Amino acid sequence: MLAGQGALTEGAFNPSLDVMDAIYFDNNATTRIAPEVFDAMVPYLTDVYGNPSSVHRIGARAGVALKDAREKVAAHLNCREAEITFTSCATESNNAAIRGVLQAAPGKRHIVTTAVEHPSVLELCKHLEGNGYDVTYVGVDGEGRLNLDALREALTQETALVSIMWSNNETGVIFPMDDIVDIVKNCGVPLHVDAVQMVAKIPIDLSKTAIDLLSLSGHKFHAPKGVGALFVRRGTRMRPFIIGGGQEKNRRSGTENVAGIVGMGRAVELGVRYLGSGVETTRRLRDRLEAGILSAIPNTNVNGALSERLPNTTLINFDGIEGEAILLLMDEEGMCASSGSACTTGALEPSHVLKAMGVPSNLAHGSIRFSLSRYTTEDEINTVLEKLPPIVERLASFTNHKRAGER
Ligand code: PLP
């Protein structure tokens with residue numbers, strides 16, 4: 001915590017503030033459910049409550065809905081329906097992919113990943129290190145770009161799996177997947193890709209790449225929480241992660257979350273419509289927000305600005321200002337954003353992603369992520385550009401007074 005600003009966040013965030021008034025810039029953490037998605041789900045939360053494995057009409061109807069949703073997800077990714085396994089979230093998809101491939105190759109004890117993965121990959125890899133696996137964490141440069149030479153050098157005869165995210169949830173930096181695929185597949189190693197932040201922002205065509213496994217999560221693209229998917233290319237050797245009644249072609253047992261899956265199918269359809277001009281509108285709004293903040297507030301900069309980035313994300317450093325304090329005052333003014341990754345919010349450790357990029361900790365502590373969605377409006381950008389500068393000014397003067405008092 002920077003000088004004095006801790007006092008401001010001690011009261012913590014107020015859950016009783018009106019949520020209807022809030023404007024939302026935390027879409028990489030989760031998104032609102034699209035109204036069309038909600039409508040599509042309702043029948044499966046009410047009348048069509050059957051178990052999709054049951055043969056009677058109510059179960060069979062649920063089974064048809066499941067098939068329809070699988071077709072939609074497969075069509076969006078351009079893969080076969082049989083290659084899609086529904087899961088409960090991307091954390092499960094990532095765990096299932098990594099553990100499942102390792103179990104199918106018991107003789108190999110080496111994993112390659114990156115230093116900037118989501119905790120659902122990083123923490124699992126750390127856990128596996130404690131269980132006899134060697135893990136290489138490939139680094140990034142100051143702009144968040146992956147060190148491809150280090151990736152090439154990391155691969156050995158012992159490598160069982162490479163797990164690399166397609167785009168980073170904190171900075172939005174997109175990794176060059178074609179180059180990664182070339183390097184990894186030239187060595188014949190299975191490649192798992194966490195594509196959670198890509199879906200419905202950047203087109204994914206699995207018929208044009210040799211990625212073996214790919215994770216996604218419904219709640220990142222306007223479907224509900226509690227539903228995800230794992231693409232497993234035909235012929236990939238992997239063991240099931242959840243063993244039981246044999247659902248999902250024996251890959252992932254457990255009765256499917258039918259309503260959630262139906263919602264994800266509908267969300268994918270809507271996402272396809274948003275790709276193109278919808279995404280470009282979001283990019284324009286993000287660029288306006290970024291340029292507005294950088295010009296109005298001194299000592300600010302964008303992490304990964306020179307890299308290819310997701311069109312909806314910007315992670316901005318406010319030098320000398322505590323990110324949590326900015327967030328708190330923004331929240332009081334009805335603006336929701338995030339400091340670094342939502343999953344690590346609350347921990348005062350600087351973000352592991354910014355650390356890996358070599359960002360000094362005073363800057364990393366003062367970083368705020370704004371992540372937009374198709375629902376973000378011009379007026380909302382105007383509101384941030386009007387209200388944020390006085391907030392930062394107030395915090396800066398608070399710090400200066402405190403420092404002067406300490407002298
Ligand atoms: N991978 C990335 C890149 C993410 O951003 C997230 C969530 O923030 C996850 C995995 C985990 O997703 P879920 O919340 O569905 O478990």
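Predicted model: local features only at pLDDT ≥ 70, side-chain atom pairs only at ≥ 80, totals over all residues.
Val 101 belongs to helix H4, which covers residues 90–104, and because its relative accessibility is 2%, under the 20% cut-off, Val 101 counts as buried.

Another part of the model is an open sheet of three strands, arranged in the order S9-S10-S12 with antiparallel pairing. Strand S9 (300–302) and strand S12 (367–371) stand at the edges with a single partner strand each, so one side of each has no neighbour in the sheet. On average, and with direction ignored, neighbouring strands of this sheet are turned by 25° against each other. Strand S10, made of residues 313–318, pairs with S12 in the antiparallel sense over five bridges, and within these two strands Asn 317 stands opposite Ser 367 of S12.

| Helix | Residues | Strands involved | Direction |
|---|---|---|---|
| H9 | 277–296 | touches S9, S10 and S12 | about 10° with S10 |
| H10 | 323–332 | lies across S10 and S12 | about 45° to S12 |

Helix H9 has 20 residues and spans 28 Å from its first C-alpha to its last, close to the 28 Å expected at 1.5 Å a residue. Its buried residues are Gly 278, Val 279, Thr 282, Leu 285, Arg 286, Leu 289, Glu 290, Gly 292 and Ile 293. Seen down the axis of H9, these buried residues fall within an arc of 165°, so they line one face of the helix. The face of H9 turned away from that buried side carries Ser 277 and Ser 295, which are exposed.

Is Arg 369 buried or exposed? With a relative accessible area of 1%, Arg 369 is buried, because this value is under the 20% cut-off. The side chain of Arg 369 makes a polar contact, at 3.2 Å, with the side chain of Asp 26.

How values were computed: Residues numbered from 1 in each chain as written. Heavy atoms only, no water. Pairing = 2+ DSSP bridges. Helix = DSSP H or I, 4+ residues; strand = E, 2+ residues; numbered from the N terminus. Axes fitted to C-alpha atoms, helices over the stretch in contact; angles between N-to-C directions. Contact = heavy atoms within 4.5 Å. Expected span 1.5 Å × (residues − 1). Buried < 20%, exposed > 50% of the residue type's maximum accessible area, 1.4 Å probe, protein only. Arc of directions from axis to C-beta. Polar contact = N/O pair within 3.5 Å; in protein donor to acceptor, adjacent residues only side chain to side chain.
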